[in-house]
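Please open the structure in your viewer and keep the selection panel at hand.

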Amino acid sequence: MKKFSAFIVVFFLIFSSLSSEDKNLSSLMKSSYKSGFYPGVVRYAEEILRTEKNSTAAFRAAVYEGESLFRMGRLSDAIELLQKYSLNGDSLNPETVYLNSAKFYWLGRSYYFKKEYQKAQSFFYTSAAIFKDLPLENSKNENAYTDYYAFSMLFAAKSYTALEEYKKALPLYEYVASNGLKYSVNDYSESVTALARSYILAGDEVSFKKCVNLVSSLENAGFDEDTKYSLLVSKGEALENLKNYREAYDTYCIVIEKAPSYLAATAMQKAYEVSANHRNEVKSEPGNVLANAESRLSEYPDLLSEFWTRLAVDAFYAKDYKKSLSYFEEAEPNSSNSQKEISAVYRAETAYLTSNDKDEGSRKAREILTEALKIKSEKQNETVLISLARYNGFLKSWKDCSDFALKCINSSDSEIEKNAVYWLALSKYENGDTAASVNILETYSKKQKITDKSLLILYAKALAKQGKYHDADVIFYSLGEKNLLDNDGYLDYSRTLLIAGHYVSTKQQAKKAAGDEAVYISALASFNQHNWTEAENSFSKIIDSKNLSKEYVAFSQFYLGYSQYQNSEYSSSIKTLNRFISENPLHSFVWSAYMTIARAAAFEKMESEAVSASKNAVKAAKNENEKQEALILTAGILSDCKKFDEAIELLSSDIKKRTEFGYECKYRTAEILVQKGNLAEADKHFEQLASNSDKKAALVSEQSAYRRAELAYSSADYNKAAHAFEEYNKKWPEGRFAFASIYFSADSLAKTGSITKAILRYQQITDSNAETSYRYGAEKNLVDLYEKNGDYAQAIAMAEKMIDEYGSQAVADGMDKKIKSLKQNTVWNVNSTSDRIKEAEKALAKQKNDSSKSVEAMQNALYLAGVYRTNGENKKSAEMYLEALKYSRQSGNDENAARSFYGAVESFDAAALYADAKAAFNEMIKLYPDNKFTKDAEKIINQY
């Protein structure tokens, strides 16, 4: 820079006002100034200021000292001194005006170096304004003056640049550029470079064009290389902004080829970016730029490696994987550890994406990243770690997936942290630890709201597995409403709804997804709905699918065959399931397929096919339970084919075993004997089983007891049937066939003429509060029995009750006509009822002291208790029920004992004898705590 600030103060005139000044001190001050000895200037100026106060000499000394203090770096002292002294208005002349401009200029320079740019600008503008009015043309040596106007313009421009107010800086730099002779070469070079940059930073089209014009006009200005090529870089940027990409690229290439290396590096970056972002316009590969610059930038190997890496990454995202890999190879020799890790991540992903077999691609990717873990770094690269978690997840290596994800779970990078949460939660989910999966996701959600679709879908799936189907559905529904579910999302939603058993919704969401898997899920929903036709139609579309996994295709074949079976399409079912077995001989459903084929073949009367399939099911059984079920089915099919002896022989090896299955085989053998017509032998088997107390025989023991009675009934041996049903009811009062045994016991008794006993048995059904299909028949039969027994009032009451309860059904069975008929004999009915009561009372009086007549006494007591209750004699009814209780216990009939207790409680309650009702109930609950009559009585007591 030209030594613009040197005060070459050779004044044209020595005014008469200096007569009082100490000429020796002033001369010494100026001499020190000219020699650049600024401490001397300060010393002599201070002497002058001590003797001169408001004179021109004092002002001159202050300006000299202020500049010197600035040059000595004493900025605050310079500011304080210059602001202290002002020009006296009476002393205006060219010298004092000039000194005044200098004063404000050096104040501006002081504030500029203190980085107080706005204050500095104010002083620069003041200095320039004063200097502009200076009548230099009257001076003898105009060139002796420093041009404070020019330098104020320069530093005001620099102040605007420092404040990033580039548009305001432009006119000032333009002044400098137009007045180059007023500045040093350095100042001028810096200013035109700053002007070009300010044009760029101003950011408008006019400024960009001015930048291009400026640089073009200065091409032959003879600048040093730094300036020349810095200006070309700015021109290139301006051309870029004007969308002249090819010309910008060519400009950068000139800089790359000829400029100093540091500028070549800058130009290389810009040339790379313009060629990468505007390939069509530039028509040059970014890699060419780098290849051409390598020799020039050999001193920047790290920079070259960085750019090769960037090129490789860009090529990857452009899906030019081959070129990406070649660029990574170029970067490798000088790559830093960090760049090597980046390279590993992208090369791994390239291996995955370019592999047709995604499992193989994942394995290759994992190998590359595992090798990258050996790179020595201060800290393991989290991108490498999370990528390893991802590929292990793809390979279902959930332990490794979890381990790598866990290392990134507290990453400061939010994206890596989110992915770590996903893979860690997914690994727990896939390993069946859904509670841990949910906990991981919910812990993360407390830190920040989950908005990522993948995390939300995983969260919903995990909640569904925990049985929280509503919460899961809310998440899926919300994603669907926001159109955030893609095809896979709708499939996940459908699977979750399927697991939850929401089959209608499953099909609705599956319809929103495309592909064979959507059809498969929808078909499964129909299958679970037992909508066999819809299931069959859907599965038939995908049994030959090339898009479904082999596993799903196999399941589809089985489900199709089973749906056809349920639709009674037995031939089609057999064909489909045989194909399933032949193509999937080791499938877990092979046994089920054989069992279904056997049943379908049996329906089709394809005896040999049915037997063969059932025997194959025995062989295909994976456990003892399946084998046993297949054996029973085979025996059943053989029996249906009238191959009774073969069926019995098949079960014979197990029939003597004291196991559940052994007892079942014995029962099945008995049933086959029934089919064969050998009822006596069958009855022996049933009798043996019925009397068996082994807990393992419990199920068939009860069933056998009932079957014995049923066989006797079917054979019209009603005495034996009544006894057998009674035996069953004593042993299993609340068994599976309890009401059936009571009903047929009553019917058997009625058929043998034991009307009273039959009535009592039917009343056990009608008096019960339990739901049973035998109630209607019992009531209907009671009407007839009451009539036969001459108890017309009871018959009428029961018939009316039936009409009240069953309406048209009872009318259709003639109950209205029965009532009309019975009422025609009302007088006879009353007399007969009265006689019947007397007979029962007389009989009971004789029987109550005879223990051998306890059954008859019980029956008469129950009859009388019921009649008394019907007639409103509630206390008398309750007392008679207690009598019936005594006889029931004597006869060992616990069921009637409990029933009698209930009658007593209910009658005492009706008589408002609540204490007696409670007392009776307290005894009842001690003796029969679990009986159904006790529970009914408890409801009455709980009302108190």
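**The largest pocket**

The largest pocket holds about 1200 Å³ of space. To find it, select Arg390, Phe394, Tyr422, Trp423 and Ser454, which are the closest to its centre among the 40 residues that line it. A pocket here is an open set of points on a 1 Å grid over the protein atoms alone, where a 1.4 Å probe fits and protein lies on both sides within 12 Å along at least five of seven lines, and lining residues have an atom within 4 Å of a point. The points are joined across faces, edges and corners, and the volume is the space filled by probe spheres set on them.

Before going further, note that this is a predicted model, in which local features need pLDDT of at least 70 and side-chain atom pairs count only at pLDDT 80 or more, while totals for chains, interfaces and linings use all residues. Residues are numbered from 1 along each chain as its sequence is written, and side-chain values use heavy atoms, with hydrogens and water left out.

By class, the lining divides into 17 nonpolar, 7 polar and 16 charged residues.

**The second largest pocket**

Now select Gln763, Asp767, Gly866, Thr870 and Tyr881, which lie nearest the centre of the second largest pocket, among the 29 residues that line it. About 730 Å³ of space lies in this pocket. Helix 41 (755-766), helix 43 (792-806), helix 47 (854-870) and helix 49 (894-910) each supply at least two residues of its lining, with helix 47 giving the most, at 7 residues. Its lining has 11 nonpolar, 12 polar and 6 charged residues.

**Two helices**

Stay with helix 41: is it largely enclosed or exposed? Of its 12 residues, 10 are buried, so helix 41 is largely enclosed by the rest of the structure; buried means under 20% relative accessible area, exposed over 50%, and partly exposed in between, with a 1.4 Å probe and protein chains only. Among the buried residues are Ile755, Arg761, Tyr762 and Gln763.

Then move to helix 39 (residues 718-731), where Ala721, Ala722, Ala724, Phe725, Tyr728 and Asn729 are buried. They cover an arc of only 170 degrees around the axis, which puts them on the same side of helix 39, the arc being that of the directions from the helix axis to the C-beta atoms. Look at the face turned away from that buried side to find the exposed residues Asn719, His723 and Lys730.

**Two loop residues**

Select His530, in the loop between helix 28 (516-528) and helix 29 (532-540), where phi is near 65 degrees, a positive value in a residue other than glycine. Most residues other than glycine have a negative phi. His530 counts as exposed, at 55% relative accessibility.

Ala912, in the loop between helix 49 and helix 50 (914-927), also has a phi near 65 degrees, and counts as partly exposed at 42% relative accessibility.

**Cysteines**

Finally, how many disulfides are there? The count comes to 0, a disulfide being a pair of cysteine sulfur atoms within 2.5 Å. The sulfur of Cys253 is 18 Å from the closest cysteine sulfur, in Cys211, too far for a bond. The sulfur of Cys641 is 19 Å from its closest, in Cys665, again too far for a bond, and Cys641 is buried, with a relative accessible area of 15%.

Definitions and conventions:
Nonpolar A, V, L, I, M, F, W, Y, C, P; charged D, E, K, R; others polar. Helix = DSSP H or I, 4+ residues; strand = E, 2+ residues; numbered from the N terminus.
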